[in-house]
Amino acid sequence: MRELIERLTGSFRNYFRVEPQGIFQAPGRVNLIGEHTDYNQGFVLPCAIDRRTYMAVRTRSDGRLRVVSANMDGRASEWLASNPPPADRDNPWANYLRGVHAQFLKQGRAVSGMDILTLGDIPQGAGLSSSASFCVVFATAVNHVMGAGMSALQIALLCQAAENEFVGCNCGIMDQLISAAGRERHALLIDCRSLEYQPVALPDDMDAVIINSKVARGLIGSGYNDRRRQCEAAAAALKAGSLRDVGMAELLADETVMDPVCFRRARHVITENARTKAAALALAGGDYAALGGLMAASHISMRDDFAITTPEIDFLVSTVGCVLQNRGGVRMTGGGFGGCVVALAPKQLSGRIIDAVNAHYPSETGLKAEIYLCNAGEGAGRLL
């Protein structure tokens with residue numbers, strides 16, 4: 001972290017010729033279980049990770065926002081702070097921040113002019129919520145600079161609205177909420193209807209092993225929005241406000257009233273909600289065999305009912321599962337169509353997992369995976 005902050009502040013001085021007034025951070029996340037349940041008002045079990053987006057800011061007096069991304073080779077975007085911003089067609093990455101700004105204005109919250117430089121170490125397109133982290137760190141910075149007094153939940157909801165309404169990704173609340181409200185050494189069991197969340201301690205003797213398949217994904221251009229529409233169609237066919245309100249018996253009784261694809265999507269969501277609550281109990285109780293079985297069932301459901309895995313992802317899950325046996329769990333994580341696999345593994349097995357992936361994945365797929373050993377970290381806040 002120190003090296004990144006030093007690079008961030010040095011780059012800020014180089015671009016803007018002044019010192020930053022504040023440095024902020026927001027983490028990415030890995031979801032242990034509970035996929036595509038958040039926008040169906042269900043349950044998720046993510047944790048914030050120690051890979052983050054950092055942002056250095058300084059107010060300016062001319063009412064303009066100037067944002068420079070060190071991750072984008074110094075590409076910059078600039079707009080007026082007083083007006084709802086248009087989309088930046090040349091710098092689509094900046095639209096996440098423009099969307100957040102638009103939401104502040106929509107809520108009647110003023111935003112001052114600022115110089116902003118951002119830098120992060122969350123792999124983009126890997127399913128670790130780099131976009132949510134990007135939105136949340138900006139909203140956190142504006143909240144502090146403007147003295148808005150917003151809670152972590154308010155920041156998360158604002159950032160979700162920015163992605164939904166400005167960027168065009170119909171995501172749920174999970175990514176933004178865990179980035180804003182994460183707890184060190186804990187996952188959060190989040191009820192995406194009530195927005196209540198419960199910390200679940202992660203064991204000291206287990207690693208969160210994240211394996212980036214290097215199959216790039218982008219939620220806006222992928223089938224993510226299609227899956228949401230299919231879930232909404234299934235709920236409508238069942239005359240339910242949300243799939244959260246439907247049980248398996250009800251779904252099976254009404255199978256003939258909906259399209260077969262929508263039926264499978266609904267079956268995934270309903271069973272995934274049950275698995276997620278059971279996984280939180282297994283994790284809290286140290287029952288790693290039960291946790292592993294639930295994560296395996298989640299992956300099969302994502303593969304067969306929700307159709308969001310890829311051959312590369314499936315191969316990684318199989319490879320890691322052969323090492324773990326019943327001593328931990330592994331599954332695809334994130335929105336799907338590429339991205340990452342997550343394993344909760346005893347520390348003594350982490351090296352064997354890395355060796356197995358490096359030995360077999362390149363020859364099977366022609367790709368070289370990136371592997372990260374991550375710790376659960378705190379949510380967004382001010383560093384300096």
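How many residues of strand β7 are buried? I started with that, keeping in mind that this is a predicted model. I found that β7 spans residues 186–191 and is mostly covered, with 6 of its 6 residues buried.

**Entry 1**

I then looked at the two faces of β7. On one side I noted His186, Leu188 and Ile190, and on the other Ala187, Leu189 and Asp191; they are all buried, so both faces count as covered, since buried is set at under 20% relative accessible area.

Next I looked up the pairing. Strands of a sheet pair through backbone hydrogen bonds, either parallel or antiparallel. I found β7 paired with strand β2 (residues 43–44) in the antiparallel sense, over 2 bridges. Val44 has Ile190 of β7 as its bridge partner. Strand β8 (residues 197–201) also pairs with β7 in the antiparallel sense, over 5 bridges. There I picked out Ala187, whose bridge partner in β8 is Val200. The hairpin of β7 and β8 has 5 residues between the strands, and in it Leu195 takes a positive phi near 65°.

**Entry 1: a sheet of four strands**

In what order do the 4 strands of the open sheet run? I wrote down β10-β11-β9-β12, with antiparallel pairing. The edge strands are β10 (329–333) and β12 (370–374), each of which pairs on one side only. From one strand to the next, the twist averages 20°.

Strand β11 (residues 340–346) and β10 are antiparallel and share 5 bridges. Val330 has Ala343 in β11 as its bridge partner.

Which strands does helix α9 touch? I found that α9 (residues 288–304) packs on the sheet and touches β9 (206–212), β10 and β11. The direction of α9 makes about 30° with that of β10. Helix α11 (residues 347–365) packs on the sheet as well, touching β9, β11 and β12. The direction of α11 makes about 15° with that of β9.

**Entry 2: α8 against α9**

Two packed helices are described by the angle between their axes and the distance between the axes. For helix α8 (residues 260–285) and α9, I noted an angle of about 165° and axes 9 Å apart. That makes α8 roughly antiparallel to α9, because angles over 145 degrees count as such. I recorded the crossing of α8 past α9 as left-handed.

I also listed some of the residues that meet here. Those from α8 include Arg264, His268, Thr271 and Glu272, and those from α9 include Ala290, Leu291, Leu294 and Ala297.

**Entry 3: α3**

Just after α3 comes Gly147, which takes a positive phi of about 60°.

**Entry 4: Arg228**

Is Arg228 buried or exposed? I found a relative accessible area of 17%, which means that Arg228 is buried, as the limit is under 20%. Arg228 lies in helix α6 (residues 224–237). Leaving out residues up to four places away in sequence, I listed its contacts as Tyr39, Asn170, Cys171 and Gly172.

How values were computed: Residues numbered from 1 in each chain as written. Predicted model: local features only at pLDDT ≥ 70, side-chain atom pairs only at ≥ 80, totals over all residues. Heavy atoms only, no water. Buried < 20%, exposed > 50% of the residue type's maximum accessible area, 1.4 Å probe, protein only. Contact = heavy atoms within 4.5 Å. Pairing = 2+ DSSP bridges. Axes fitted to C-alpha atoms, helices over the stretch in contact; angles between N-to-C directions. Parallel < 35°, antiparallel > 145°, perpendicular 65-115°, else oblique. Left-handed = near helix turned anticlockwise from the far one by under 90°.
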